[in-house]
Amino acid sequence: MTEFLQLHPDRLLPAEPAVRDVARRLYGEVAGLPIISPHGHVPPAWLAEDTPFRDPTSLLITPDHYVTRLLHSSGVDLADLGVGQGDLSEDASRAAFRIFCERWPLYRGTPMKLWFESQLVDVLGVDLVPSGDTADQLYDAVAEWIGRDSSRPRALMDEFDISFLATTDDPCDDLGHHRALVDDPSFTRRVVPTFRPDRYLEPAGASWNDDVERLADVSGGSCDTYAGWVAAMEDRRVWFRQHGAVSTDHSHRDLGTDPLDAGEAERLYGLARSGGISATDGDRLRRHMVCEMVRMAAEDGLTMTLHPAVHRNHHPGTAERFGADVGADIPVAVEVTRALAPALARHGTDPNLTLVVFTMDETVFSRELAPLAGFYPSLRIGVPWWFIDAPESIKRFRSAVTEAAGFSRTSGFIDDTRAFLSIPARHDMARRLDCGFLAGLVAEHRLTEDEARETAHYLVATQPQEVFGL
Amino acid sequence: MTEFLQLHPDRLLPAEPAVRDVARRLYGEVAGLPIISPHGHVPPAWLAEDTPFRDPTSLLITPDHYVTRLLHSSGVDLADLGVGQGDLSEDASRAAFRIFCERWPLYRGTPMKLWFESQLVDVLGVDLVPSGDTADQLYDAVAEWIGRDSSRPRALMDEFDISFLATTDDPCDDLGHHRALVDDPSFTRRVVPTFRPDRYLEPAGASWNDDVERLADVSGGSCDTYAGWVAAMEDRRVWFRQHGAVSTDHSHRDLGTDPLDAGEAERLYGLARSGGISATDGDRLRRHMVCEMVRMAAEDGLTMTLHPAVHRNHHPGTAERFGADVGADIPVAVEVTRALAPALARHGTDPNLTLVVFTMDETVFSRELAPLAGFYPSLRIGVPWWFIDAPESIKRFRSAVTEAAGFSRTSGFIDDTRAFLSIPARHDMARRLDCGFLAGLVAEHRLTEDEARETAHYLVATQPQEVFGL
Amino acid sequence: MTEFLQLHPDRLLPAEPAVRDVARRLYGEVAGLPIISPHGHVPPAWLAEDTPFRDPTSLLITPDHYVTRLLHSSGVDLADLGVGQGDLSEDASRAAFRIFCERWPLYRGTPMKLWFESQLVDVLGVDLVPSGDTADQLYDAVAEWIGRDSSRPRALMDEFDISFLATTDDPCDDLGHHRALVDDPSFTRRVVPTFRPDRYLEPAGASWNDDVERLADVSGGSCDTYAGWVAAMEDRRVWFRQHGAVSTDHSHRDLGTDPLDAGEAERLYGLARSGGISATDGDRLRRHMVCEMVRMAAEDGLTMTLHPAVHRNHHPGTAERFGADVGADIPVAVEVTRALAPALARHGTDPNLTLVVFTMDETVFSRELAPLAGFYPSLRIGVPWWFIDAPESIKRFRSAVTEAAGFSRTSGFIDDTRAFLSIPARHDMARRLDCGFLAGLVAEHRLTEDEARETAHYLVATQPQEVFGL
């Protein structure tokens, strides 16, 4: 007996009937609004070249570490899912897809299940429950879908009604794909780069000197001194702003922003350039550099997003075999109040500055982030990200931050994904959950339904524009 | 179209109809009980002198950092809200009030909205929704209310049925206002001081030597030695007890209570008196002094409340312009198990000791505080405080502490406020939420309704008397 | 008016009627499944010798620190509950039982109330609410029950349908009781030992040298060198495996697994054997030894459970009077991501390794444990333990770990108890709560009811067998 997938219209809304009624009405008001995606990882080449997707596995499985990591935890070798294998043969692609289908029950209770089901039904037009029995039929259906013209990235931008999409880019990138999109009159959606300078801010990192050399080349200056590094960074930020960038993104182990005095910064920079900086001093110089980036953000108005406190490549054997971003990055605790104090002392009340702090350490939501964002006009609380971009976590987030910071101090939803087909499902999930939370407040007579409706609209349509200066 | 405020009788009760029915019945049993307020910040002069309130802004906005901080986060200058401006002109007061009304949507989802609405409807008798359109009308209505005799503090003590109110006072205070209240036969409510010695326990603080000199003067002894400091502290505690005090209150960065040996304490004290103590040694001596206060509490029976782990004056620019307590204090993580171990080893099973630990670091509720309070007869878990004195946070608190500690190990509600008009709304919110939590237990057949009713009554009427020795 | 206890058939199921309906159906599928108890503290002698219980107090109160600690917090002396008093006289037993009954309201809102009520009604066949009025009647009824043949441990193993029970045992134990059970053809239930080597892994502990000497004697080798210690440990693991053990259990202050190089390990071991190791070096050597245990687990396949981060014997006065395990152990914060990195780098993808990490620090559930277990095939998330083996905590646990790790990465329920009569109530509570959580997912259309039913069955029947290699 085959089961069929059904997307219930009330999915993710609260179960209590009266609360659900309110939630359904609120959701109805925002369900169809255009998608604003101010932070994500879609390769700009896909859109510039309107590249057709290759095969079901490389579309839906291999590059999505949310998906592959749970299979790995169940004993599957990442290589068998195509990770690090280059273009897959038809047989290899089909075999990997089968593994995924056979282990579909692993995803029960996870957002990956919800996103995948939405993609199957709403995007791919397939209503089969993944299993060993349906693997081939599903594979064929997806492959058939890939072959259509309407399945290419630009057509999907329209189908998904994505009005704004930010990619993530290296400061040395020439942004040619973005230029091509701007120069192409047939493409009317807005796609912009994001300045992501992490590697240039880790002076004890193995590749740092090479990176900085490249930065000097690209910016046309010299990075022999710290002042040169600052000038090069500023130069590239101008380049990014000229290509439409609205934000910079930063991901380091901690949120530290302690500045050094000028002499000490120059001394440590010199040590780093000679390859002789210690890990500890590398961290000190990095924190100084992050504070410098806050200063630049206050000056040029690029929103600064922070995604800290991830232990990257936790399993060395996996990193050696497969490289980075394959599901072995693990969060660690983060501290905000003391770490951001130096930067906020300098720039925290500057009306031109917007800092958005994301975290997977939920303990700081009510303890530090909401109190901070409820005071500093420059600070916004990033919505749940990565492992906690998920229904229960989003409910906990709203519960934890709203009482001290209201709704006005959050970031608006970001999908943070390179899984292009999942973008509508991710935004839809956030809209449903925010409406459910608001409906709960209405049901407890803490908001009127009018206030809730205005707030739902604000969160989806206005807040991301406000936070990212669109 | 003007909207009108309505306070729904079931506000803050659980949405599920059967649970709400139980909650409504439980709440009905405790809604009308007198208010016991064993910790707060109402100035005793207001009551001793029965001072009329001045104007709507200085009554409801300027001194309330819960209110001003969210406006500040939205870009309002604190000066425009009257902060640090002395007595406001009519124009300035009206303008500040207008700013607040125009930005009223900022408070959606916060307890400030609920408290403010309750004050408007239940105390001030106004049912207008704050907005730019209603700002002047609201201002006038509040100003008219202020002018009435029935709006003066003593009349409100009766109207609110506050049977017990503790203020917060400096150890050197002569407690003249409290004496005046006791000596006044026309005033029958009980208002007592609270001994708050923080500044005398921070030997590395800038003002410490001056403070200690004043302490010596007031107590009539000498504070040249550590023994002298101890004697002076004991002397002032006697003074406070003679004036009705039932508790002392303490707020330091951490909860440390490690004692020093006598020689080391005397040596560090000498360093501090000569102005030469380091920050680190200042912390060591402070922890020793806190342990000494625990010893005194075990001896004289004053309940000792601890409100730790706040980073005060997080934004230096704001502190310079406006001083302390203007909304820029931010919580940090706290540790309890190890920090309190030395004091609890000495005094933790003393039947004469009551320690109440408050926190805004919710992580310690289930991990440390509930397990500790479920063993030590001297230890009580403070109810949610400050940023987490809010509906969702209170639900999380009861969920987190009850299973390991039951209901008997919490503190009873404290409002911790100087916003006098909000006191009934704050206590009412706590009563509603506790009844909602109890109703949830009844609905899941974990308590009978009789047990829940007894518990609701215990939490409101008995527990604060037990904890504060009333 | 006497009240009577009633166990509502829907207790602990969600209150919303439609969700409860689903939960009731799911629970109906698993309520009657046999109990698998892969980690607990029932003394094997009870079963080997089929010892009758002694008296109501020593059966239900004295040895259960969950019960005695709350009484202690209310001011009762542990001695008055029989703690540390040896066999109690009839009068002393009855007096202690009366104290408990009189203070029965202390347990409202705690799982102890639920477990106790279940034991009274379902096991002991008594429906009286404990109170001063009922104390003697209850005592007599329990005493009468104890006298029956059907109340002896072996009969209860059958009545409770416990198909598998692991005890906790010292590595030097000869496992005679376990051998006796295996050799007894009349006993058909499976009871196995668990290897618990903590004391042998704390080289700075006061008794460590004596312990290691005994280990050397029992294993027949020498422990003069670190290599000798390793060989002795391996020898005892073989012994335990030969007697049916399926797991080892470990409880240290932190989860550290940093290995030392061979020379340093030998040097520190030598220091420890001469009694001259510092606390810090003791911790370093212990972390090295724990990593060695992970290596052994990967080799011999014994599941390795970790119960870290408890501050034992928090109150020295109580430890002096009454010894260990009397309710004065308090959790502290734990860190997982960095602490386990060394061991997981070595063995984390070994298909023969199973590590189960339990915690009472709920902050690591979503931040560290779920992300780790969602990648490493060797790592399982332990279900809530000790203070958080409780309804609200279990709901928070499933909410926190499921979204990143699904249901497949948890441990299955463990009761961790020596309170033999409470075993069915504890497993039943977990089943009800897991079914309630699943029903919530069904109600929000995140799972189909078929998927939920399969998952409920998996959690109760399959997962513990998978995790403990049964």
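**A tour of the interface of chain B and chain C**

Begin by selecting chain B and chain C: the area buried between them is about 3700 Å², of which carbon and sulfur atoms give 55%; buried area is the accessible area (1.4 Å probe) that two parts lose on being put together, summed over both. In chain B, the residues that lose the most area to chain C are R367(B), F375(B) and E403(B), together 22% of what that side buries.

This is a predicted model, in which local features need pLDDT of at least 70 and side-chain atom pairs count only at pLDDT 80 or more, while totals for chains, interfaces and linings use all residues. Residues are numbered from 1 along each chain as its sequence is written, chains are lettered from A in the order in which they are written, and side-chain values use heavy atoms, without hydrogens and water.

Next, display the contacts (heavy atoms within 4.5 Å): 40 residues of chain B meet 48 residues of chain C.

Then select E392(C) and R446(B), which form a salt bridge whose closest N and O atoms are 2.8 Å apart. A salt bridge is a side-chain nitrogen of Lys or Arg within 4 Å of a carboxyl oxygen of Asp or Glu. The count between chain B and chain C is 5 salt bridges.

Finally, move to W229(C), which touches Y200(C), L201(C), Y269(C) and M289(C), among others, not counting residues up to four places away in sequence.
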